[in-house]
Amino acid sequence: MTTPENEGRKDTPDTMVGTVPGDGPVLPDAKRNPSIATRERRDTAYTPSGETPYLVVQDLTVQFPTADGLVSAVNGLSYAVPLGRTLAIVGESGSGKSVSSMAVMGLHDRKRTKISGSIQLGGDEIVGMPENELMKVRGDAVAMVFQDPQSSLHPLYTVGNQISEAYRVHHKVSKDVAKKRALEMLDLVGIPNPIRRFKQYPHEFSGGMRQRAMIAMGLVNDPKLVIADEPTTALDVTVQAQILDLLNNLQKEFGSAIVLITHDLGVVAEMADDVLVMYAGRCVEYGTAEDVLARPRMPYTWGLLESIPTVSAASEKLRPIKGLPPSLLSLPGGCSFNPRCPYTDRVKGERCTTDLPELLPVDGAGAHTSRCHLHDKASIYEAEVAPRLG
Amino acid sequence: MLYFVARRLVSALSVVLVTLIATFALFFIAPTDPAGAICGDRNCTQERYNEIKQNLHLDKPKVQQFAEYTAGIFVGRDFETSGVVQHCSAPCLGFSFKNDRPVTQMLADRLPVTVSLVAGYAVIVLTIGVYVGSMAAKRRGTFGDRALMTSTLVVSSVPYYIVALMIALYLTILYPILPRGGWTPPSESVGKWFLGLLTPWLVLGIYSCTSYARYSRGSMVETLSEDFIRTARAKGLSDRVVTYKHALRSGLIPVITIFGLDVAGSLAGAIFTERIFDLPGLGVLVLDSLNNYDLPVIMGTVLVASVILVVMNFLVDIAYSIIDPRVRLA
Amino acid sequence: MSKTVRNADAASAGSSSATPLLQVRDLKMHFPIKEAAGLGRTRKVVQAVDGVSFDLQRGGSLGLVGESGCGKSTTGRMITRLLTPTAGQILFKGTDIAQLKERELRPFRRELQIVFQDPYSSLNPRQTVSNIISTPLRVHNLVKKGKELERVQELLERVGLNPEHHNRYPNEFSGGQRQRIGIARALAVEPEVIIADEPVSALDVSIQAQVMNLLEDLRRDLGIAFVFIAHDLGVVRHFCDQVAVMYLGKIVEQGPREQIYSAPQHPYTQALLSAAPDLGTIRGVPPKERIRLVGDVPSPIDPPSGCRFRTRCWKAEDICATQEPPLMTQAQSGPGHTAACHFAEPKIDLTAATA
């Protein structure tokens with residue numbers, strides 16, 4: 001396999017230098033080993049931290065046939081999450097972040113979805129698992145917390161009923177035992193007066209309380225993996241902070257793995273150990289939270305960081321990413337991000353528009369990977385992007 | 001919950017009272033001539049006309065007439081025809097001089113027929129219709145779903161009386177696969193009652209199932225795409241529980257609204273079914289009374305029909321509040 | 001930078017010579033509701049907005065921040081008179097428009113425009129973009145017959161859309177583009193004030209920044225004043241010279257941006273700032289002090305006595321339940337900075353000093 005990186009390298013020698021104040025030394029952009037490109041089918045322990053993972057997703061592709069053709073919502077996605085760690089999947093709408101997690105839960109309609117690749121949950125393969133076995137996994141080993149607790153809880157059943165139902169699906173116990181468990185969970189997630197709350201309907205709960213109830217329902221079976229899909233997007237800031245604290249504390253207590261799907265990089269910074277950035281169905285950058293947020297190596301990630309007005313930033317003009325995300329039906333050739341990328345002219349030739357860059361280690365060998373043809377990503381970031389971020 | 005029921009009851013009763021006044025106004029205050037109608041066109045002499053007017057107190061002030069009519073409903077009243085005094089007991093809705101019987105009795109004869117018919121109909125649409133619709137919703141987009149929906153459209157585009165007439169003609173008379181329609185009171189023989197109603201039930205029920213399947217399919221398709229259905233599946237519940245416990249409960253709400261009005265309507269006038277299958281129900285009674293210009297009967301039926309409508313609405317409200325706890329707040 | 005400072009100063013000096021473009025005085029919106037109680041119903045009142053006052057200078061921008069249910073959107077709707085206030089004054093160029101009848105209101109409608117949060121539901125799906133934008137032009141007789149298309153295309157170009165697309169329908173545009181259409185519609189009538197009600201919160205991050213920059217350009221180039229309603233403190237900090245923090249229908253703190261963000265006085269403002277997730281933590285900036293409020297916002301039907309924030313406040317004492325603190329200049333506040341708290345005290349370490 002020829003690596004495009006090496007061709008570009010001849011013309012522009014490595015010029016990576018220096019440190020950034022407060023950031024510690026930046027790893028030099030080491031000589032890349034061409035053989036690393038054969039990493040596509042690497043074995044399980046593929047996490048930025050190097051721990052043994054509980055969830056291993058490899059080369060996952062999710063496609064939906066539509067009237068206009070086959071849409072690849074997720075394309076060749078690989079990641080892994082060990083117990084006790086939080087992976088944040090970041091991306092904008094249509095990037096495939098939710099679709100990929102629905103696949104982990106096996107929630108896609110089989111008749112309308114083509115899934116390939118592998119999703120291993122504690123060693124069990126989810127892709128192709130028959131529905132009746134999948135049902136035993138859903139809600140038990142892996143649970144999901146959804147974005148909008150207002151619409152995600154059944155409006156016509158009491159909150160208590162819904163939580164005990166979740167427990168009784170996976171435990172052959174009497175209603176009383178399940179109720180006891182549900183009350184315990186309500187208490188655990190910080191809902192005052194569980195006995196009264198148990199009998200109430202979702203509309204009698206406030207937004208924050210509803211999300212707590214949702215979390216109680218997700219955790220009732222002590223899942224090893226929790227997928228939280230934009231868990232705080234529908235909530236107010238002060239309530240969001242409460243819920244994020246709650247998730248953090250529960251994770252410390254139960255040691256479960258969390259996949260956090262979000263578009264909010266602030267939430268990522270507060271919650272995540274590892275970060276995966278998705279764009280147009282593909283992973284474009286993957287690494288520890290520190291790597292991705294403090295030493296990002298992909299122009300899309302840079303663009304995201306530059307787009308956010310933060311509470312502590314000086315108020316200069318924002319630098320948004322130009323243009324719009326591409327339609328999944330007609331992805332641009334080469335790198336999907338190339339029409340919006342301000343750095344394509346720094347790559348020799350037309351490679352950005354002709355070759356899809358591979359997801360390669362940014363420093364030649366480490367676990368921090370990115371998908372970009374630029375060969376001096378580190379120096380561009382430190383010299384041009386970082387100063388703008390302040 | 002109790003307060004909710006009580007509040008609804010109060011409002012239902014007030015609607016009945018308004019209907020009573022409106023009905024009375026329609027027939028007695030409007031420029032109609034009840035006495036002339038009763039007297040008939042041909043051998044109506046001036047004396048007989050005046051006598052009828054007197055006997056019916058049509059010469060009294062309207063308010064008194066209304067008071068007497070209303071009082072009749074609660075305590076009964078006496079009518080005098082050709083010197084004979086007829087007593088019309090407690091829920092008295094007037095007296096049919098044409099048939100020489102109190103209206104209440106005539107309605108009481110017919111009501112069981114119509115109620116039997118509509119009850120069977122209700123069972124069929126609520127089970128088969130809703131079930132078929134839910135199945136189609138679950139399998140939406142498949143060949144089965146499309147075939148089913150197309151066939152329901154075809155069936156409901158043929159007028160009901162044609163379908164009913166054809167079935168009566170071909171399947172009960174020419175090729176008697178199904179029993180012929182007819183009325184036997186269940187007190188006499190439950191078997192005969194059932195057999196006589198079977199064909200009308202099936203015809204009316206299955207014909208309406210086509211619309212109910214479509215309503216419930218639409219409502220279920222919407223419900224099945226709700227977030228809380230995804231939550232239910234994420235809990236590990238089976239497809240069956242998700243569809244028939246979680247989805248059906250909210251999917252039923254719009255269907256119930258239609259059902260309540262529909263049943264009330266059918267009670268007051270399943271005219272075609274009754275005529276075609278030879279059932280002496282309320283619909284046929286109304287038809288006959290209209291032909292004879294038998295005012296007291298028409299008025300009585302209108303009143304009963306509106307009470308039924310109000311009662312059904314009340315029941316639908318209660319059903320709502322059982323299904324949807326949010327309604328109880330309103 | 002210097003421009004914003006100047007604006008801030010002008011706005012804060014309420015008593016200075018320049019009369020503000022818009023003065024809101026003690027604005028109230030009480031929605032009557034009926035609640036089932038026993039056999040009958042009881043009438044109650046939702047105090048959605050309960051006595052809000054602020055000034056908006058020509059070309060200035062005021063941010064209304066708060067959590068859901070604090071009354072910020074209701075305030076916006078009253079200013080544009082989509083709602084008629086229960087009480088209070090809305091002085092626009094000296095005329096009180098709070099209780100004007102529809103006909104008298106007509107000329108003011110042109111000058112006060114609103115941009116809504118949801119670009120999907122706020123555009124009529126059955127009208128072309130051209131129609132959507134030119135309707136207000138026709139209603140207010142702003143353009144000669146036959147010149148409408150020209151003006152529409154000019155507006156589309158102004159908001160960064162392709163003028164050739166004037167004949168398309170809203171569903172052919174993405175969320176960010178629809179929001180631009182909404183902005184073009186508001187711009188069509190050359191307003192002096194735009195009320196932007198969460199204009200970017202339904203948009204993706206990268207698109208959000210595009211729309212923010214567009215609004216900023218409009219403000220700079222056309223001198224339009226903005227009332228910017230948002231829950232995102234970052235967005236408000238970026239866009240507004242003046243900030244008013246609302247809680248349960250009242251303004252609890254108000255002042256120039258720099259003071260609100262760097263030296264907030266009211267405990268609620270402090271909690272809001274502390275709760276906003278910040279990227280700084282990962283970049284080695286020491287984590288800011290965490291203030292975590294307990295519980296939820298109380299119901300506006302039956303708000304707490306005295307200070308409305310006291311039920312969630314860690315500083316609350318007896319006086320807070322009995323005496324409502326007025327919105328006033330506090331001992332350590334800078335010019336034009338007011339807070340409604342018995343125990344107001346600036347806290348300076350909440351926003352990491354990355355700048």
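Two strands count as paired if DSSP finds at least two bridges between them. Keep that in mind for the first stop, and note that helices (H or I, at least four residues) and strands (E, at least two) are DSSP runs, numbered from the N terminus.

Before you click: this is a predicted model, where local features need pLDDT of at least 70 and side-chain atom pairs count only at pLDDT 80 or more, while totals for chains, interfaces and linings use all residues. Residues are numbered from 1 along each chain as its sequence is written, and chains are lettered from A, with ligands numbered from 1, in the order in which they are written.

**Stop 1: a sheet in chain A**

Show chain A as a cartoon; its secondary structure comes to 14 helices and 14 strands. Now select residues 55–66 and 114–121 of chain A, which are strands S3 and S6, antiparallel and joined by 7 bridges. Which residue of S6(A) is the bridge partner of A:Val57? Pick A:Ile119 and you have it.

Strands of a sheet pair through backbone hydrogen bonds, either parallel or antiparallel.

**Stop 2**

Most residues other than glycine have a negative phi. Is A:Ala280 buried or exposed? A:Ala280 is buried, with 23 other C-beta atoms within 10 Å. The cut-offs: 20 or more other C-beta atoms within 10 Å of its own make a residue buried, 12 or fewer exposed, and anything in between partly exposed, with C-beta atoms placed from the backbone. Of the 390 residues of chain A, 53% count as buried.

**Stop 2: a lysine in chain C**

Hop to C:Lys93, in the loop between strand S4 (87–92) and strand S5 (95–96) of chain C. C:Lys93 also has a positive phi, about 50°, although it is not a glycine. With 14 C-beta neighbours inside 10 Å, C:Lys93 counts as partly exposed.

**Stop 3: where C meets A**

Show chains A and C together. The contact (C-beta atoms, placed from the backbone, within 7 Å) takes 39 residues from chain C and 43 residues from chain A. On the chain C side, select helix H7 (205–222), helix H8 (233–239) and helix H10 (267–275), the elements that give two or more residues. H7(C) gives the most, with 7 residues.

**Stop 4: two domains in chain B**

Colour chain B by domain: domain 1 is 16–102 and domain 2 is 104–329, from an automatic or database domain assignment. Their C-alpha centres lie 36 Å apart, and 17 residues of domain 1 of chain B are in contact with 17 residues of domain 2 of chain B.

Notes. Two residues are in contact if their C-beta atoms, placed from the backbone, lie within 7 Å.
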